[in-house]
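This briefing is intended for a reader who wishes to examine contacts within and between protein chains. Please view the sequence and structure below before reading the points that follow.

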Number of protein chains: 2
Amino acid sequence: MPSISKKGRTMPESPIRKLVPFADMAKQRGIKVYHLNIGQPDIKTPEIALEAIRNFSGKVIEYSHSAGIPSYRKKLAAYYKKHNINITADDIIIGAGASEALLFAFQSIMDPGDEVIIPEPFYANYNGFAINSGIVVTPIFSSIDTGFALPPIADFEKSITPRTKAILVCNPNNPTGYLYSKEELETLRQLVIKYDLYLIADEVYREFCYDGHQHYSCMHLEGIENNVILIDSVSKRYSACGMRIGCMISKNKELMQTALKFAQARLSPPTFGQIGAEAAIDTPDLYFTEVLHEYLMRRNVVVEAINKMPGSFCPNPKGAFYVVARLPIDDSDRFCQWLLDSFDFEKQTVMLAPASGFYSTKGRGKDEVRISYVLNVNDLKQSMKVLEEALKVYPGRTN
Amino acid sequence: MPSISKKGRTMPESPIRKLVPFADMAKQRGIKVYHLNIGQPDIKTPEIALEAIRNFSGKVIEYSHSAGIPSYRKKLAAYYKKHNINITADDIIIGAGASEALLFAFQSIMDPGDEVIIPEPFYANYNGFAINSGIVVTPIFSSIDTGFALPPIADFEKSITPRTKAILVCNPNNPTGYLYSKEELETLRQLVIKYDLYLIADEVYREFCYDGHQHYSCMHLEGIENNVILIDSVSKRYSACGMRIGCMISKNKELMQTALKFAQARLSPPTFGQIGAEAAIDTPDLYFTEVLHEYLMRRNVVVEAINKMPGSFCPNPKGAFYVVARLPIDDSDRFCQWLLDSFDFEKQTVMLAPASGFYSTKGRGKDEVRISYVLNVNDLKQSMKVLEEALKVYPGRTN
């Protein structure tokens with residue numbers, strides 16, 4: 001039997017997916033499972049995007065340009081201009097999702113053994129992309145007690161080594177929903193200049209900001225144009241995860257020429273996703289007004305409900321559609337599995353993501369879970385009721 | 001200015017794309033350029049595939065299963081059964097093109113510094129995927145004088161080291177069009193057993209076999225089920241390169257579980273490509289009969305024309321839609337550029353791919369070019385006339 005790579009053996013299983021078999025078994029027992037574990041929105045994709053795909057009139061589905069269809073990139077540059085981000089089509093490389101775009105970025109700036117600093121908890125698949133690229137993630141602890149604000153700069157500086165090449169932030173944040181302020185990003189700007197690092201910002205939740213807060217992009221930071229890499233995606237913005245369209249953006253010409261070589265090796269991004277994504281740029285503003293209103297109500301349902309549960313705490317995040325909550329539990333992995341294999345309230349249960357999977361440091365997040373508020377308000381209210389009842393009887397309850 | 005990775009600096013530019021600026025300039029001078037440099041077929045995508053995409057009636061473009069839509073994989077297994085390849089849906093992971101599928105395979109079986117043996121000339125992007133994965137390509141020379149038949153097994157054995165993990169063959173071959181025989185594959189089978197290596201077979205041109213020859217798949221080799229990895233794609237089969245749908249297939253359960261972790265990290269393959277690819281499986285046989293008849297005529301035009309040019313030689317390959325031809329030229333890179341920037345015949349010229357880019361060993365392929373016969377017969381005849389005239393006056397002609 002030929003061998004499996006070390007890379008393959010150390011590749012983590014997704015914290016979101018490892019409970020899937022238990023959810024399936026619960027469903028087989030006739031239990032309704034509320035899925036609060038995934039980032040798959042239930043919001044409709046804008047009709048304008050679906051229509052463009054249905055109207056495809058080509059006769060041959062050809063390779064597109066390796067960096068993406070030029071007309072799409074041009075229109076995308078105009079989208080960013082609306083967000084006060086001044087870039088041209090040449091500063092964009094379209095990827096098969098933000099996933100591929102981030103891999104292009106990692107590969108272009110880091111070699112095996114190089115290091116990227118990421119505040120934890122962080123999007124679990126960053127670990128996968130790091131292992132894929134042979135690079136090392138250095139986590140910096142951000143605490144639920146500050147609502148997962150940016151850790152002090154001193155903590156970053158302590159973690160910088162000669163192999164450190166980049167800092168990666170997700171803003172608004174998955175899994176915490178935290179929205180970094182202009183001031184926090186300014187401190188990162190100073191750090192990036194001082195150590196000549198790349199600043200990679202995953203801003204796929206840009207549109208999802210609440211309570212009147214504005215998103216401040218890493219592209220707004222002045223004087224570090226050659227250091228900044230923006231990672232983006234249409235998956236969440238237009239509820240179009242299956243289109244697999246994301247992008248990597250930078251004003252650093254040498255970097256983009258390098259990334260293009262990785263893009264050329266795989267020939268092109270998906271054609272239909274690009275057609276849909278290009279059309280989606282004309283989505284009426286009303287769509288976002290409605291979507292944001294919906295998510296705001298959902299967030300309020302979750303945050304209020306959890307903070308009323310004895311021994312539980314949930315910050316009130318300003319962005320994305322996730323919260324990380326602290327619950328009175330011994331072990332979030334055990335609790336989330338128990339919810340599926342040993343508990344039901346009136347034939348219903350909830351599926352949550354154990355927060356441990358979002359921490360790189362072993363042992364952290366054991367009393368925390370990530371909740372995606374991607375269900376309608378009624379289902380969310382019912383889910384919170386189920387969670388409340390579960391906490392009352394969970395054998396591993398801590399207080 | 002932060003640094004670019006070594007990986008990024010050593011990433012090769014595509015041999016197919018580096019001449020594009022010269023082609024653009026030729027077109028600006030009013031010269032018609034016949035594109036024989038790329039693998040983008042002019043054949044129509046089956047209507048049944050386009051229709052399925054146009055008929056998409058979903059309201060949300062959701063993530064699909066990380067391994068690919070289950071109904072698509074099930075139907076794909078039935079497609080393979082028709083080709084006497086017995087697999088189930090669980091043996092398949094769908095990728096964004098064969099490119100991503102091959103990256104999954106490389107990552108799952110090799111760590112940085114590990115080696116894969118590939119007969120050269122080979123598909124140039126294998127180099128890119130190897131650099132991406134930090135692995136080393138060990139080329140084995142296959143000669144135009146044998147029509148690019150499989151090199152002697154002794155040559156493989158000489159190249160095997162403790163770091164050798166796999167042998168990769170493309171069958172039918174890009175760039176040579178060579179179709180490996182059952183006997184040749186049997187010798188690889190012996191080798192794979194003897195050294196417990198993986199055998200990766202890129203069979204994306206399976207349908208394109210001529211002169212009554214049958215394709216023999218690596219999946220037909222008995223007793224090495226755990227060693228064989230099949231890489232496939234719908235790009236060429238259905239002339240649907242932009243769908244970005246390929247797959248990785250293996251009976252090795254441990255390998256597939258590992259590859260799935262890489263697939264999960266990037267969430268899912270493109271939805272619309274999968275919808276089109278699933279529908280395309282019902283493409284009527286007549287489509288392939290017509291396409292094969294068309295390619296056969298094209299191949300004959302190219303092979304006959306080149307073998308009539310003094311000092312030139314072209315094997316008569318049995319598969320794919322490429323030939324590698326030997327021309328009386330000093331340097332194929334120089335020649336291919338000269339065709340675009342210094343030559344025209346009645347305001348026409350041809351764009352070819354220098355074969356040097358398909359050899360890993362420096363200096364090889366200097367008098368060879370790859371020709372993709374992806375134009376209609378009339379255009380191909382005209383292209384061959386242009387090439388003939390070009391060779392008469394090329395300043396670097398060698399005999």
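The model is predicted. Within chain A, the domain assignment gives domain 1 (6-44 + 286-393) and domain 2 (66-280). Chain B and chain A bury about 6400 Å² between them, while domain 1 of chain A and domain 2 of chain A bury about 3200 Å².

**Domain contact within chain A**

- The contact between domain 1 of chain A and domain 2 of chain A takes 39 residues from domain 1 and 37 residues from domain 2.
- The C-alpha centres of domain 1 of chain A and domain 2 of chain A are 25 Å apart.
- Of the area buried between domain 1 of chain A and domain 2 of chain A, 62% lies on carbon and sulfur atoms.

**Polar and charged pairs between the domains**

- Four salt bridges are counted between domain 1 of chain A and domain 2 of chain A.
- A salt bridge joins the side chains of Lys318(A) and Asp211(A), at 3.2 Å from N to O.
- Between domain 1 of chain A and domain 2 of chain A, 15 residue pairs are in polar contact, both residues being at pLDDT 80 or more.

**The domain 1 side of the contact**

- At least two residues each come from helix H1 (6-10), helix H11 (285-308), strand S9 (322-326) and strand S12 (368-372) of chain A.
- H11(A) supplies the largest share of the side of domain 1 of chain A that touches domain 2 of chain A, with seven residues.
- By class, this side of domain 1 of chain A comprises 23 nonpolar, eight polar and eight charged residues.

**Contact between chain B and chain A**

- Chain B and chain A contribute 75 residues each to their contact.
- Carbon and sulfur atoms give 56% of the area buried between chain B and chain A.
- In chain B, the residues that lose the most area to chain A are Pro2(B), Ile61(B) and Tyr63(B), together 10% of what that side buries.
- The count of salt bridges between chain B and chain A is zero, whereas 42 residue pairs are in polar contact, with both residues at pLDDT 80 or more.

**The chain B side of the contact**

- Elements giving two or more residues to the side of chain B that touches chain A include helix H1 (6-10), helix H3 (47-54), helix H5 (97-109) and helix H10 (271-280) of chain B.
- H9(B) gives the most to this side of chain B, with seven residues.
- The side of chain B that touches chain A has 30 nonpolar, 26 polar and 19 charged residues.

Technical notes:
Residues numbered from 1 in each chain as written. Chains lettered and ligands numbered in written order. Predicted model: local features only at pLDDT ≥ 70, side-chain atom pairs only at ≥ 80, totals over all residues. Heavy atoms only, no water. Domains from an automatic or database assignment. Contact = heavy atoms within 4.5 Å. Buried area = accessible area lost by both parts, 1.4 Å probe. Polar contact = N/O pair within 3.5 Å; in protein donor to acceptor, adjacent residues only side chain to side chain. Helix = DSSP H or I, 4+ residues; strand = E, 2+ residues; numbered from the N terminus. Nonpolar A, V, L, I, M, F, W, Y, C, P; charged D, E, K, R; others polar.
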